[in-house]
Amino acid sequence: MASLLSHILNIMFKHMPIIEDTKEERKKNASRRQPRSPKNVKLIENYLNLPCEFAKKDGNSDIVILNIHGGGFTTGQAKEIRTLTFYICNKLGYNCIACDYRLAPEHKLPIAFDDCFTVYKRLVKVHPRIILLGSSAGATLAISTANRALQEGIIMPLAVVAFSRLQG
């Protein structure tokens with residue numbers, strides 16, 4: 001089933017009309033000023049030698065949020081969702097890990113799915129109480145990560161939060 005979905009999405013990426021210039025969109029996103037870490041929040045990049053940013057605050061819950069960015073599988077980075085990551089950590093009381101995954105069209109699917117599952121599989125060994133959170137394409141990746149954990153018999157996330165927002 002996952003390979004069929006990957007195949008369909010790869011065909012879509014190959015044949016869909018170009019609505020935006022991916023390189024230009026990535027450049028614009030990279031140039032945005034990043035928020036400062038709140039006073040008591042420590043940001044650890046490349047956490048566990050993974051492509052992740054870990055926002056940690058003393059006294060937070062032992063439940064960790066794994067935050068997967070959106071971007072239509074073609075744009076986005078963990079640092080672009082720092083505002084949400086910092087808010088979850090500082091205001092909601094959960095340490096939060098935002099992960100990166102390899103992007104299309106340079107990398108064919110299911111590589112993004114594999115990247116997110118690899119992060120989850122490694123994290124769950126250190127933080128067994130995880131909530132998966134994803135926006136847009138990240139929501140798809142969060143749901144598929146939970147499904148794959150079920151299929152492979154590893155610790156399941158406590159919850160999956162999947163959302164998307166309409167622009168306009």
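Let's start with a pair of charged side chains: Asp114 and Arg148 form a salt bridge, and their closest N and O atoms are 2.8 Å apart. This pair connects distant parts of the chain, since Asp114 sits in helix H4 (residues 111–126) and Arg148 in helix H5 (residues 137–152), 34 residues apart. Keep in mind as you read that this is a predicted model.

Glu152 forms a salt bridge with Arg148, with the closest N and O atoms 3.1 Å apart. Why are Glu152 and Arg148 separated by about one helical turn? The two are four residues apart in helix H5, and therefore about one turn lies between them. Glu152 is partly exposed, with a relative accessible area of 42%.

## How H4 and H5 meet

Two packed helices are described by the angle between their axes and the distance between the axes. Here, the axes of H4 and H5 come within 9 Å and cross at roughly 65°. The crossing of these two helices is right-handed.

Which residues meet where H4 and H5 come together? From H4 come Ala112, Phe113, Asp114, Cys116, Phe117 and Tyr120. On the H5 side you will find Thr140, Leu141, Ser144, Thr145, Arg148, Ala149 and Glu152. Both partners of the Asp114–Arg148 salt bridge are in this list of meeting residues.

Helix H5 has another residue to look at, Ile143. It is partly exposed, with a relative accessible area of 48%, and it touches Val160 and Ala162, leaving aside residues up to four places away in sequence. Ile143 and Ala162 are 19 residues apart along the chain, while their C-alpha atoms are separated by 7.3 Å.

How many salt bridges does a search of the whole structure find? The total is seven. One further salt bridge joins Arg82 to Glu45, with 3.9 Å between the closest N and O atoms. This pair also links distant parts of the chain: Arg82 is in helix H3 and Glu45 in strand E1 (residues 42–45), 37 residues apart.

Is Arg82 buried or exposed? Arg82 is buried, because its relative accessible area is 11% and the cut-off for buried is under 20%. Glu45 and Arg82 are linked with Glu53 in a network of salt bridges.

Leu84 itself is partly exposed, with a relative accessible area of 32%.

The peptide bond from Ala104 to Pro105 is cis, with omega near 5°. The bond from Leu109 to Pro110 is cis too, with omega near 20°.

Asn46, with phi of about 55°, is in the loop between E1 and strand E2 (52–56). Ser136, with phi of about 60°, is in the loop between strand E5 (130–135) and H5. Asn46 is exposed, with a relative accessible area of 51%, whereas Ser136 counts as partly exposed at 36%.

Methods. Residues are numbered from 1 along each chain as its sequence is written. This is a predicted model: local features need pLDDT of at least 70, side-chain atom pairs count only at pLDDT 80 or more; totals for chains, interfaces and linings use all residues. Side-chain values use heavy atoms; hydrogens and water are left out. Buried means under 20% relative accessible area, exposed over 50%, partly exposed in between (1.4 Å probe, protein chains only). A salt bridge is a side-chain nitrogen of Lys or Arg within 4 Å of a carboxyl oxygen of Asp or Glu. Axes are lines fitted to C-alpha atoms, for helices over the stretch in contact, and angles run from 0 to 180 degrees between N-to-C directions. A crossing is left-handed if the near helix is turned anticlockwise from the far one by less than a right angle, and right-handed if clockwise. Contact means heavy atoms within 4.5 Å.
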